[in-house]
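Reader: I have a model open and would like to learn how to read it. Where do we start?

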Amino acid sequence: MTSLQTTTPTAAVNPPEPELGQPYVRNENACHDLSIRVRDLSLWYGETQALKSLDIDIFQKNVTALIGPSGCGKSTFLRCLNRMNDLIPGVTIRGLVEMDGRDVNAVKMDEVALRRRVGMVFQKPNPFPKSIYENVAYAPRMHDLVSRKADQDELVEKALRDAGLWEEVKDKLQQPGTSLSGGQQQRLCIARAIAVQPDVILMDEPTSALDPISTATIEDLMDKLKQQFTIITVTHNMQQAARVADYTAFFHLGEIIEYNDTQMMFSSPATKKAEDYITGRYG
Ligand SMILES: Nc1ncnc2c1ncn2[C@@H]1O[C@H](COP(=O)(O)OP(=O)(O)OP(=O)(O)O)[C@@H](O)[C@H]1O
Ligand SMILES: [Mg+2]
């Protein structure tokens, strides 16, 4: 019986999944399509290992929060998803990162195309030193998504509307992006990221430099944007994770200790480490 099973064509084409050892928790109730599949992902900066054999499935059109103490590898992991670590000298990466079934690290993967599909928003708003309009129009033009001026205008308006910024800037599109407030600049960066119609948006502590009202605006925005995009966000704010995230992954010392539906994670964490972190006893 066993030998028959292992020699079936299916087994040959689809090798068995690697063992997912405890305390990784696979979400039993997940009914969403897979966006990103990570298996046995490790990363070293020189000799120092920063990510240790990570396994995680990220679901489409959901918000996934990455939480955990400073230095546990959250930003490093995010950068693995759009190959931004390739830009750092001395980095070694092993393991699989698959997006929509394609290996992100494959030699033939076009990095420019990948970064179009995976947008990024950083902790500190970083508009280009250009007009509000150009901040949004530049990337779609570079990627040949628009050529006619009227199409470009339409795309800029749509991205700014989707980012909840249009009403505030529609009369001053030619002013510098840097002339906006911090919260507006962050929404401009979100408009810039979504203008190229990515599949995934990575956000690394997108509200940590913002006031509470701007933070609430961005949180509402994430809730709307997940209808169109898969969002992965890093946060040190547990209330924010509980409010915005469908799924939460708890990182600790380069490992994913626990990954689950956010409500489950926050109401009954499966590990003591996650419980201590969530309840503020450590971290
Ligand atoms: N460019 C780099 N070169 C060398 N080591 C790095 C580099 N970037 C990060 N590290 C190290 O990798 C580990 C993980 O860092 P990372 O920035 O991913 O953590 P983090 O969870 O995002 O932390 P924080 O919450 O403070 O942002 C840390 O020990 C850090 O010092
Ligand atoms: Mg970080």
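Author: Contact means that the C-beta atoms of two residues, placed from the backbone, lie within 7 Å. Helices (H or I, at least four residues) and strands (E, at least two) are DSSP runs, numbered from the N terminus. Here, the cover over the buried residues of α5 includes α6 (149–162), α7 (166–169) and α8 (182–194). This is a predicted model: local features need pLDDT of at least 70, side-chain atom pairs count only at pLDDT 80 or more, and totals for chains, interfaces and linings use all residues. Residues are numbered from 1 along each chain as its sequence is written, while chains are lettered from A and ligands numbered from 1 in the order in which they are written.

Reader: Which residues of α5 are buried?

Author: A residue is buried if 20 or more other C-beta atoms lie within 10 Å of its own, exposed if 12 or fewer, and partly exposed in between. In α5 (residues 132–142), the buried residues are Ile132, Asn135, Val136, Ala137 and Pro140. An α-helix has 3.6 residues a turn, so residues three or four places apart point the same way. After α5 comes Asp144, with a positive phi near 60°.

Reader: Why does Phe77 count as buried?

Author: Phe77 sits in helix α3 and counts as buried because it has 27 C-beta neighbours inside 10 Å. Leaving aside residues up to four places away in sequence, Phe77 touches Leu51, Leu54 and Leu66. Between the C-alpha atoms of Phe77 and Leu54 the distance is 9.1 Å, with 23 residues separating them along the chain.
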